[in-house]
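Here's a quick briefing for anyone meeting this protein for the first time. Have a look at the sequence and the model, then read on.

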Amino acid sequence: MHGPSARMLELLSLLQTGRTWSGADLTERLGVSPRTLRRDVERLRELGFPVSSVSGPGGRYQLAAGRAMPPLLLTDEEAVATVVGLRFAALARVDGATGAADGALRKLEQVLPSRLRYRVAAVLASTEAVSRAVGLLDLRVLQLLATAAHAHQDVRFGYTTRAGERSERRAEPYRQVLLGKRWYLLAWDIDRRDWRTFRIDRITDVTVPGTTFTPRPLPPDPVSFVQSSADFPLSRHRGVVRFDAPVSVVSERLMAEADTLEALDEHSCRFVTPVDSWEWLAVTLPMVGVPYTIEGPPELVKRSRELADRIRAATGG
């Protein structure tokens, strides 16, 4: 080592790997005597790093969890992965009111060496990310639901459907699942006495009253269950519409998810979507601004005709 400071940084880097090190391993890695190792460990403790030790032949050392976040030493690969991950987290708007992702990103970018800045820039320049269809995800909500699920605690929250209808829900949270660009909560709805899937970006005002529940057997494949519920709501109703326009045009105007819009040919595409409200979908379709044909179901045809009659009456027949 080049000196006490460099040696302590190397020691800290080894301890931050999470493993328990024997005194013999550390002295060999650092090229120091057991006495010097013990002195360096004490210096780290004085600086606020909670290094735990177990007595015995040579001793054993591990970096424990403390009351505050200590400085972290990252390898080049870890630093690049962290910055890129934070960039995409900020882009996907996975954040809280305090701008946690942006704040951490700024701190890291300020200290990145130039060689790492180039690597990060290269990854980002060659990667495409689309965030226009993703709503703001409150990191605090994600954390509250995760903690409650882990502790088997009931939660209360407000939920807004796709049609804009708001209700208060009581639920037992079990899993949070990331599908595509959205987070979903798999929970047992206490009032409806059934499994439900909730889009987390539509959840607000989460409270944890402190009551606990006995975990229920999960659906056979929780991820598949959430995916099925996200694609096909519990009503099992889907709207199917053919647009007489290329998929590239319709996707920009409809803000549709990739798995609900498919090209039929270069001049037309088909839109298949789960529906919370037929009236909401009947209003949305004309706003795309291209000719379309409703292929089903009858409920969507009926609501569209009713809407057309109201518009016709409002404009003088």
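This is a predicted model: local features need pLDDT of at least 70, side-chain atom pairs count only at pLDDT 80 or more; totals for chains, interfaces and linings use all residues.

**A first look**

With a relative accessibility of 22%, R270 counts as partly exposed.

**Salt bridges**

- Side chains of opposite charge can pair up when their charged atoms come close.
- Counted across the protein, there are 15 salt bridges.
- R270 has a partner in E295: their side chains form a salt bridge, with N and O 2.8 Å apart. This pair ties together distant parts of the chain, with R270 in strand β13 (residues 268-274) and E295 in strand β14 (residues 292-296), 25 residues apart.
- E295 has a relative accessibility of 40%, so it counts as partly exposed, being between the 20% and 50% cut-offs.
- R170 and D191 make another salt bridge, and their closest N and O atoms are 2.6 Å apart. Here too distant parts of the chain are linked: R170 belongs to strand β7 (residues 166-179), while D191 is in the loop between β8 (182-189) and β9 (194-199), 21 residues apart.
- R170 is partly exposed at 33% relative accessibility, and D191 is partly exposed at 44%.
- How far apart are N and O in the salt bridge between E279 and R310? The answer is 2.7 Å. This pair links distant parts of the chain, going from helix α10 (residues 278-287), where E279 is, to helix α11 (residues 298-314), where R310 is, 31 residues apart.
- E279 has 39% relative accessibility and counts as partly exposed; R310, at 42%, counts as partly exposed as well.
- There's also a salt-bridge network, which links R166, E168 and D205.

**Nonpolar cores**

- In soluble globular proteins, nonpolar side chains tend to be buried together.
- The largest nonpolar core here has 17 residues, and those touching the most other members are F243, V250, F271, L281, L285 and L300.
- Which elements each supply at least two residues of this core? They are β11 (238-243), α9 (247-254), β13, α10 and α11. The largest share is from α10, with four residues.
- A second, separate core has 16 residues, among them L11, L26, L37 and Y61.

- Helix α1 (residues 4-15) packs against α3 at an angle of about 80 degrees, and their axes are 10 Å apart. That angle makes α1 roughly perpendicular to α3.
- On the α1 side, the contact is made by P4, R7, M8, L11, L12 and L15; on the α3 side, by T36, L37, D40, V41, R43 and L44.
- Sorted by class, this contact between α1 and α3 has eight nonpolar residues, one polar and three charged.
- G31 sits in the loop between α2 (23-30) and α3 (34-46). At 65% relative accessibility, G31 is exposed.
- G31 and R7 are 24 residues apart along the chain, and their C-alpha atoms are separated by 9.3 Å.

**Backbone details**

- G296 and P297 are joined by a cis peptide bond, with omega at about 0 degrees. You'll find P297 in the loop between β14 and α11.
- H152 isn't a glycine, yet its phi is positive, near 55 degrees. It lies in the loop between α7 (139-151) and β6 (155-160).
- H152 is partly exposed, with a relative accessible area of 32%.
- D205, mentioned above for its part in the salt-bridge network, isn't a glycine either and has a positive phi of about 55 degrees.
- Where is D205 found? It is in strand β10 (residues 203-207).
- Is D205 buried or exposed? With a relative accessible area of 57%, D205 is exposed.

**Contacts along the chain**

- Among contacts in the protein with a separation of 6 or more, 60% are between residues 24 or more positions apart.

Conventions: Residues are numbered from 1 along each chain as its sequence is written. Side-chain values use heavy atoms; hydrogens and water are left out. A salt bridge is a side-chain nitrogen of Lys or Arg within 4 Å of a carboxyl oxygen of Asp or Glu. Buried means under 20% relative accessible area, exposed over 50%, partly exposed in between (1.4 Å probe, protein chains only). Axes are lines fitted to C-alpha atoms, for helices over the stretch in contact, and angles run from 0 to 180 degrees between N-to-C directions. Angles under 35 degrees count as roughly parallel, over 145 as roughly antiparallel, 65 to 115 as roughly perpendicular and the rest as oblique. Contact means heavy atoms within 4.5 Å. Ala, Val, Leu, Ile, Met, Phe, Trp, Tyr, Cys and Pro count as nonpolar, Asp, Glu, Lys and Arg as charged, and the others, Gly among them, as polar. A nonpolar core is a set of buried Ala, Val, Leu, Ile, Met, Phe, Trp, Tyr and Cys residues joined through side-chain atoms within 4.5 Å.
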